[in-house]
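Here's a quick tour of a protein model, from its overall make-up down to a few side-chain contacts. Have a look at the sequence and structure first.

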Amino acid sequence: MAASIFHSARSKRNGSNLHDVEASIEDQIESLREEVAAFTKLIGESGAKQGKKLRASAETGFDDLTARGEELLHELQRGYAKGSREVRRTVRRHPVATISAAAAFGLAVALLLSRR
């Protein structure tokens, strides 16, 4: 009988200890869940900030590239116009030489194509 009294007292103590351990584990799990949620939120916010910075940088780079491309296009157009004026001027000053050069070029192309 004495053994059964001690046994029932021990089981009550172990039961309450087990319940306390279980509650402690559940509290720790809940705490970990909250921390993971906080980290997830922090990482999401950080990622959004980085994304905005990268987007702004890319837009600035694209704008710079577009502006530089437009400048190059205008330079090429000016160069083409200048070159075509120079060719017209040369043809007007030296028409016989121009016709001779065109004929020589045509003859060279014809010879190259006939050798095939």
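## Ground rules

A word on accessibility: a residue is buried under 20% relative accessible area, exposed over 50%, and partly exposed in between, using a 1.4 Å probe and protein chains only. This is a predicted model, so to speak of local features takes pLDDT of at least 70 and side-chain atom pairs count only at pLDDT 80 or more, while totals for chains, interfaces and linings use all residues. Residues are numbered from 1 along each chain as its sequence is written, and side-chain values use heavy atoms, with hydrogens and water left out.

## The chain overall

The protein chain has two helices and zero strands (DSSP runs numbered from the N terminus: H or I of at least four residues for helices, E of at least two for strands). Helix α1 covers residues 2–93.

Of the 116 residues in the chain, 0% are buried.

## A nonpolar patch

Val21, Ile25 and Ile29 make a nonpolar surface patch of about 240 Å². Patch members need over 30% relative accessible area and no salt bridge; nonpolar side chains (Val, Leu, Ile, Met, Phe, Trp, Tyr) are joined within 5 Å, like charges within 9 Å. Isoleucine 29 sits in helix α1 and is partly exposed because its relative accessibility is 38%.

## Salt bridges

How many salt bridges does a search of the whole structure find? There are four, each being a side-chain nitrogen of Lys or Arg within 4 Å of a carboxyl oxygen of Asp or Glu.

Take glutamate 30 and arginine 33 to begin with: their closest N and O atoms are 3.9 Å apart, and the two residues lie three apart in helix α1, about one turn. Glutamate 30 is partly exposed at 37%, whereas arginine 33 reaches 55% and so counts as exposed.

Further along helix α1, glutamate 86 pairs with arginine 89 at 3.1 Å, N to O, again three residues and about one turn apart. Both are partly exposed, glutamate 86 at 38% and arginine 89 at 35%. Elsewhere, bridges with shared partners link Arg68, Glu71 and Glu75 into one network. Within it, arginine 68 and glutamate 71 meet at 3.2 Å, N to O. Arginine 68 is partly exposed, with 41% relative accessibility, and glutamate 71 is partly exposed at 42%.

Methods: Accessible areas come from the Shrake-Rupley method with a 1.4 Å probe; for residues, only the protein chains shown count as cover.
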